[in-house]
Amino acid sequence: MAGMVALAVAAVLISPALGRAVPSGSYRPDLPPDPLRLGCYPLPSGLVLDFPYQVRTDGNVDGHRLLTLQWDELDPAEVRARLDAALARAGLPRRAALVTPYADDAIVRGTVVLHLPVARLASSDPACRDPRTTKRFPPDWAPSTAYG
Amino acid sequence: MRGRLARADPLLTVAVAVALAVKAVLFARIADLPFRGDEVAYHDAGCALANLVRDLVALRGPDTSELARNVVGNGWFMPGMGVVLAPFYLLAPHAGDGWARAWLGVVSAVVFVLAVRSTQRTLGRGYALALCLFPALVPVWVLLSLTAYGDLLAGLVLVILLGRLVETVRSARAGDAPSPRDGAVLGVLGITVVYLRSSASLAVAAVAVLAAVLLVAQLRRAAALPVLVAGAAFVALLLPWSISASVALDDRVVTTTSVPTSLANTFGDRSEVCFGPCDPGSTVWFAPVRYAREVARATGQGEVGVLDEMSDHAREDVTAHSYARDVVRNFDRYRRIDGFGSLLKPPDAPYDQGFWQWLARDVSLRIFTPVSWLVAAALLVVSRRRFGDQVLAVLLKVGLLALLTQPFAHLAGSRYWTTAGALGGLAVVLLGRTVVDAVRRAPPEPGDEPSRLLTVAQWVLSVATVTVVAGIAVLAA
């Protein structure tokens with residue numbers, strides 16, 4: 001027993017000289033940057049979203065940019081009011097934002113679909129080329145619903 | 001150790017040697033298999049914990065971000081297997097996965113031998129022999145003993161805990177109170193099971209509470225100190241994890257954070273987990289965490305709380321029928337224990353062909369299926385002729401039933417049986433003894449007279465089991 005303890009102590013003492021083990025870190029998904037704050041595909045000038053949101057999808061459809069977000073915590077009326085003010089500042093019509101609240105009263109309260117002019121990539125940040133950040137997903141990415 | 005075992009019982013030594021020989025043969029087949037799936041997470045935890053020791057010895061500050069990312073991660077896995085792997089990566093920081101598998105094989109062999117020896121001492125030779133046959137000779141169990149998954153080790157440690165609890169309760173009837181040291185050992189064994197596989201928490205809690213009640217019923221105040229010491233040891237060793245995980249994730253974590261997501265994926269609408277579809281191109285486990293982190297950033301809430309709300313949302317349309325149907329599917333998945341037989345398959349070989357696939361899949365199922373029916377029978381029969389058997393029966397049934405709640409809460413996989421499987425061999429021996437006693441009607445030895453309370457408790461467990469099974473079957477229809 002004493003021999004084993006001595007062996008363990010010796011192993012611990014020499015361990016710093018053997019180099020560091022290298023974990024992969026791959027089991028913790030990275031938090032992607034907020035694409036709007038990063039300015040990958042900027043919003044029209046003046047359109048500032050001053051409520052908690054997360055971008056869900058982004059892309060161009062029929063010559064328009066379709067940006068889908070979810071908003072959190074606020075009542076639909078409050079979000080509608082803030083959106084209306086932001087759209088007015090940007091010179092966009094009220095109908096450019098479609099607000100759909102969820103039925104349950106959870107932290108995520110509903111969806112906002114914004115119909116905007118097409119935007120071009122305006123940042124050289126490498127994250128802006130990652131669909132996980134931009135939410136512009138390639139059509140061949142499978143839904144994350146299969147059990148594996 | 002082997003020498004002492006040989007003097008004690010040649011048959012048991014042979015049984016252990018056969019089990020270990022099978023392990024050595026199967027190791028040769030998978031020695032070059034890289035870690036995959038959740039094994040990677042356990043590897044990472046082992047590396048980071050080894051680096052922590054290195055840093056402390058070199059009087060450097062620990063790399064807290066490495067620890068948070070690799071030991072706590074998403075808070076899914078308690079670091080029991082990380083602790084098992086840490087000594088290996090302390091001495092061999094750059095070793096390949098094959099060597100790590102060899103280390104895991106040695107650790108699981110040592111724990112297996114300890115479990116057999118402990119069972120021989122606490123429950124008797126028959127039970128120890130049973131452990132050497134089932135699960136130790138099921139090829140796929142042996143394969144899993146060479147992986148970094150903690151389910152199997154958790155089962156073996158649970159067997160040790162169960163045997164010691166039975167021994168303690170039996171001694172209590174003779175008036176022998178356990179010492180505080182006994183209590184501490186039981187607490188350490190309990191928390192070890194939980195660290196190795198947090199889903200076994202319910203089983204540990206169930207057998208521990210039941211044993212504590214039986215001890216208090218027999219010893220009154222003399223049971224208080226050892227029970228309190230056991231609880232204190234358990235909590236004291238749980239706290240380092242709970243505190244570190246809570247700090248790293250900035251939310252309250254006790255054991256694991258995976259329950260809400262697993263409930264959502266198992267019973268809810270997977271296309272609603274992220275209040276709609278999660279981002280594509282990932283898995284049902286990672287995509288929700290990434291989304292929860294985004295919501296947490298937007299709102300300032302903790303990601304664990306967000307995951308709870310996501311789960312509630314995804315499960316809004318769950319009905320009794322859909323839940324029962326999913327439980328039945330889960331049990332089907334749970335029984336398909338041959339899934340990991342593919343470990344023996346060379347990457348380019350057909351999935352179910354060749355001798356090794358036959359051994360790993362067909363042979364495993366041929367052993368498992370009849371044994372699982374015997375275990376089911378053991379859960380239903382009532383031992384009522386000997387107190388010693390009754391104590392084991394009640395604790396074993398409660399432990400098994402608690403482990404079998406897993407398909408009620410989590411997508412079942414083909415390795416989950418290995419935790420309950422360790423108790424399976426014991427249950428078959430218990431069934432045999434109960435049936436033989438019922439036929440022979442031999443009078444119990446003095447001091448081993450049966451307890452009416454334990455008979456009633458078993459009836460309650462049997463009726464509850466039948467009711468739940470029938471209820472799920474009716475609801476799922």
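1. Basis. This is a predicted model; local features need pLDDT of at least 70, side-chain atom pairs count only at pLDDT 80 or more, and totals for chains, interfaces and linings use all residues. Residues are numbered from 1 along each chain as its sequence is written, with chains lettered from A and ligands numbered from 1 in the order in which they are written.

2. Interface. Chain B puts 51 residues in contact with 40 residues of chain A (C-beta atoms, placed from the backbone, within 7 Å). On the chain B side, α3 (39–57), α4 (64–72), α5 (80–91), α14 (286–299) and α15 (303–314) each give two or more residues. That side has 24 nonpolar, 14 polar and 13 charged residues.

3. Helix pair. The axes of α18(B) and α20 (residues 452–476) of chain B come within 10 Å and cross at roughly 25 degrees. The two helices are therefore roughly parallel (angles under 35 degrees). Their crossing is left-handed (the near helix is turned anticlockwise from the far one by less than a right angle). The contact residues divide into 8 nonpolar, 4 polar and 1 charged.

4. A402(B). This residue sits in helix α18 (residues 387–403) of chain B. Leaving aside residues up to four places away in sequence, A402(B) touches L202(B), A203(B) and A206(B). A420(B) is 18 residues from A402(B) in sequence and 9.2 Å away in space, C-alpha to C-alpha.

Technical notes: Contact = placed C-beta atoms within 7 Å. Helix = DSSP H or I, 4+ residues; strand = E, 2+ residues; numbered from the N terminus. Nonpolar A, V, L, I, M, F, W, Y, C, P; charged D, E, K, R; others polar. Axes fitted to C-alpha atoms, helices over the stretch in contact; angles between N-to-C directions. Parallel < 35°, antiparallel > 145°, perpendicular 65-115°, else oblique.
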